Amino acid sequence: MPLSITLQPINHNFFIFSLYKIMNINDFIVQVALPEHRVFAEEICNEMAESAKARGTGIAKRSPAYVAGKMIDGKAVIAFHNDGSWAGFCYIETWSHGQFVANSGLIVSPKFRKAGLAHAIKERIFELSRTKYPKAKIFGLTTGLAVMKINSDLGYEPVTYSELTQDEEFWKGCQSCVNFEILKSKDRKNCMCTAMLYDPATQKHDVAKKFAEELQRKPKLYERFMLMKQKLIIKKNPLLFLSLFK
C-alpha cells in the first residue's frame, strides 16, 4: 500500500509571530516626527484607544488633529519598521508655562512589541524634551513596571503628586481613566498611578535607578508595592474601589 502523506496548512499567524519575535531595535528608525507624518495620526489614535481598552485603564484622549499638530510643531517622535510600517509614537506636552513637561501617548504597534522599541522612543522623546525645554521638570504617571523601569533609567524618581504640575488642564486628562473617582476622592494627592519626575536641578539618578532595579529584580516586591498603594487608597472608602469593578 502506498504511503499516504497529509499536508497541513501553514499557520501564517505563527509564522508572523515568529518573525517579529526575533526583531531587534536595529530593525527600526526612531526620529523626530515631520509634518508629512500626520497621515499616520488616525492610526496612532486608534491604537492608543485600543491599547488603553485592553489594559483596562484610561488615557487622555487625543484627536488625530491634535496628534498631527504635535508632528507639525516638531514635538513628537515617531518610529517606523525598515519596511516602512508605522511602529510607535510619543509626543511632548507642556504645563505651567513650560515649567513642566510630560512625554505623553507612548504607543507601540502590537506586532512590533518586545523588541526594545518603547525604550528607544522614550529615550528619543526625552532627548527632544531636554533640548527644547532644558530647565523644565519632566514627569509622568504610570502603573506599569516596564515604564517605571524606562523612566528610572532616564533619571526619573518616584515623587508625591504634590511635586507635579498643578495645572488644571493636565488633571482634566485623567477624567477618561477608570480610576478617576479615586483621584478625586483623594483630592489629587494619590491614586493607582506612581508619579515620577526628572528634575534637571537635582538629577537624583542613583536613587531612581536603584528603585527600578529593585522592582525589576524582585517582581513580588513590585506586587507588594502596588498592593500597599491600593490599601492606602481604599482604606477610607472601600465602596468607591469596589464600584470600579461593577
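**Labels and the values behind them**

Tutor: Start with a charge and a ring. Arg 62 lies over the face of Tyr 66, 4.5 Å from the ring centre. The model is a predicted one.

Student: What makes Arg 62 count as lying over the face of Tyr 66?

Tutor: Two tests apply: CZ of Arg must be within 6 Å of the ring centre and within 35 degrees of the ring normal. The distance for Arg 62 and Tyr 66 is 4.5 Å, and the placement over the face is stated for this pair.

Student: Why is the pair of Phe 139 and Phe 170 called edge-to-face?

Tutor: Ring centres must lie within 6.5 Å, and planes over 60 degrees apart count as edge-to-face. The centres of Phe 139 and Phe 170 are 5.0 Å apart and the planes stand at 75°, so the pair is edge-to-face. Phe 139 is in strand β5 and Phe 170 in helix α6, so the pair ties together parts 31 residues apart in sequence. Both Phe 139 and Phe 170 are buried. Ring pairs also link them into a cluster with Trp 95, Phe 100, Tyr 161 and Trp 171.

Student: How many aromatic pairs does the structure hold?

Tutor: It holds 11. One of them joins Phe 40 and Phe 80, edge-to-face, at 5.2 Å centre to centre with 65° between the planes. Phe 40 sits in the loop between β1 and α2, and Phe 80 in strand β2, 40 residues apart.

Student: Why is Phe 80 called buried?

Tutor: Buried means under 20% relative accessible area. Phe 80 has 10%, so the label holds.

Student: And why does Ser 152 count as buried?

Tutor: Its relative accessibility is 0%, so Ser 152 passes the same cut-off of under 20%. Ser 152 belongs to helix α5. Also buried in α5 are Met 148, Ile 150, Asn 151 and Leu 154. The C-alpha atoms of Ser 152 and Leu 197 are 9.1 Å apart, across 45 residues of chain. After α5 comes Gly 155, with a positive phi near 110°.

Student: What makes Lys 114 exposed?

Tutor: Exposed means over 50%. Lys 114 has a relative accessible area of 81%, so it is exposed. Lys 114 is in the loop between β4 and α4. Its phi is positive, about 70°, although Lys 114 is not a glycine.

Student: Why is Asp 187 exposed?

Tutor: Asp 187 has 58%, so it too is over the 50% cut-off. Asp 187 lies in the loop between α7 and β7. Its phi is also positive, near 55°, in a residue other than glycine.

Student: Which residues have the most contacts inside the largest nonpolar core?

Tutor: They are Phe 28, Phe 112, Leu 117, Ile 121 and Tyr 156, in a core of 25 residues. Helix α4 gives the most to this core, with 5 residues. Another core, of 17 residues, lies apart from it and includes Phe 139 and Val 159.

Student: How do the residues lining the largest pocket divide?

Tutor: The lining has 28 nonpolar, 15 polar and 7 charged residues. The pocket has a volume of about 1,500 Å³. Of its 50 lining residues, the closest to the centre are Arg 55, Leu 106, Leu 141, Thr 142 and Val 147. Strand β4 supplies the largest share of the lining, 7 residues.

Note on methods
Residues numbered from 1 in each chain as written. Predicted model: local features only at pLDDT ≥ 70, side-chain atom pairs only at ≥ 80, totals over all residues. Heavy atoms only, no water. 1 Å grid on protein atoms, 1.4 Å probe; cavity = no way out; pocket = protein on both sides within 12 Å on 5 of 7 lines; lining within 4 Å. Points joined across faces, edges and corners; volume = space filled by probe spheres on them. Helix = DSSP H or I, 4+ residues; strand = E, 2+ residues; numbered from the N terminus. Nonpolar A, V, L, I, M, F, W, Y, C, P; charged D, E, K, R; others polar. Buried < 20%, exposed > 50% of the residue type's maximum accessible area, 1.4 Å probe, protein only. Core = buried A, V, L, I, M, F, W, Y, C linked by side-chain atoms within 4.5 Å. Phe/Tyr/Trp six-rings, centres within 6.5 Å; stacked < 30°, edge-to-face > 60°.
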